[in-house]
Amino acid sequence: MTPMLEAHNLQLILSDKEIFKLEHLVLRKGEVLALVGPNGAGKSSLLLTLALLQRPTAGTIRIDGVHAGNGNLLAMRRRMALVFQDALLLDTTVTRNITIPLRIRGLSRKEAIHRCERWLDRFGVAHLAKRPARILSGGEAQRTSLARAFAMEPELLFLDEPFAALDYPTRKLLLGELGSILQEMNMTTLFVTHDYTEIPYLARQVAVLFEGRIIKYGSIREVFGDEILDRRVWVPWERD
Ligand SMILES: Nc1ncnc2c1ncn2[C@@H]1O[C@H](COP(=O)(O)OP(=O)(O)O)[C@@H](O)[C@H]1O
Ligand SMILES: [Mg+2]
């Protein structure tokens, strides 16, 4: 089967600095890949490049087998949704935060409301529908942001440290719920985090990015060993 995303010889240079360089990265349909590495490793830059929001200095990206180029970027971006550490909600109600982008994409009011209700309910925040987004807690805001992303029915989901700002109990609960939803939807996902303990909740495959290079790529067990399951893990970018 054609991979959902495939990158070859991808390189990004900004202000004369090489941010990342990688030979090959592939995301199969339905796969959740964790991209893990310390702050400054280049994770966000790589995510934005793969999401076609940052133009690479060199290399190619294929989305569902088709080369991403100038002519089709917008159409390709519309097959993707992104969730960042900051929920980036508009200063209006929770419902409108979800329906406005759907209406912009041409959905009928009825269909937009239907999707909104479905995903608010799935992320456990249906009761917040009429609330102004600005008064939400961090966890509620991230649930809304996730509901907005899923309501777009993307074929490719990008998550950039979506829970980094949340307290531990909130983070753990949300990771567990999101893990079930990703599986249920068979959602192709790139999950960026600097916290390797978050990986097993969502992903089976891991790429470790360090100083702009993928230094390890494989299953959780191949990269971290069995100990990750009880959290006494070896951190791949910590040199002894
Ligand atoms: N526009 C830019 N110009 C120059 N350097 C940048 C720019 N954006 C990011 N960087 C640098 O790229 C490196 C990787 O940043 P980033 O992708 O945000 O890493 P991460 O998400 O892993 O923390 C950092 O050293 C950062 O300072
Ligand atoms: Mg980052």
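Predicted model: local features only at pLDDT ≥ 70, side-chain atom pairs only at ≥ 80, totals over all residues.

Student: Which residues of helix 3 and helix 4 make the contact?
Tutor: Helix 3 contributes Val-94, Thr-95, Ile-98, Thr-99, Leu-102 and Arg-103. From helix 4 come Arg-109, Ala-112, Ile-113, Arg-115, Cys-116 and Leu-120.

Student: And by class, what does that contact of helix 3 with helix 4 have?
Tutor: It has seven nonpolar residues, along with two polar and three charged ones.

Student: At what angle do the axes of helix 3 and helix 4 cross?
Tutor: They cross at roughly 130°, and the axes come within 9 Å. Helix 3 covers residues 94–104, and helix 4 covers residues 109–122. The two helices are therefore oblique to each other.

Student: Changing topic, how is the protein divided into domains?
Tutor: Domain 1 consists of 1–79 + 154–240, and domain 2 of 87–153.

Student: How far apart do the C-alpha centres of domain 1 and domain 2 lie?
Tutor: The centres lie 24 Å apart. In the contact, 19 residues come from domain 1 and 15 residues from domain 2.

Student: What area do domain 1 and domain 2 bury between them?
Tutor: They bury about 1,400 Å², with 66% of it on carbon and sulfur atoms.

Student: Which residues in domain 1 lose the most area to domain 2?
Tutor: Those are Arg-78, Pro-154 and Ile-181, which together account for 37% of what the domain 1 side buries.

Conventions: Residues numbered from 1 in each chain as written. Chains lettered and ligands numbered in written order. Heavy atoms only, no water. Axes fitted to C-alpha atoms, helices over the stretch in contact; angles between N-to-C directions. Helix = DSSP H or I, 4+ residues; strand = E, 2+ residues; numbered from the N terminus. Parallel < 35°, antiparallel > 145°, perpendicular 65-115°, else oblique. Contact = heavy atoms within 4.5 Å. Nonpolar A, V, L, I, M, F, W, Y, C, P; charged D, E, K, R; others polar. Domains from an automatic or database assignment. Buried area = accessible area lost by both parts, 1.4 Å probe.
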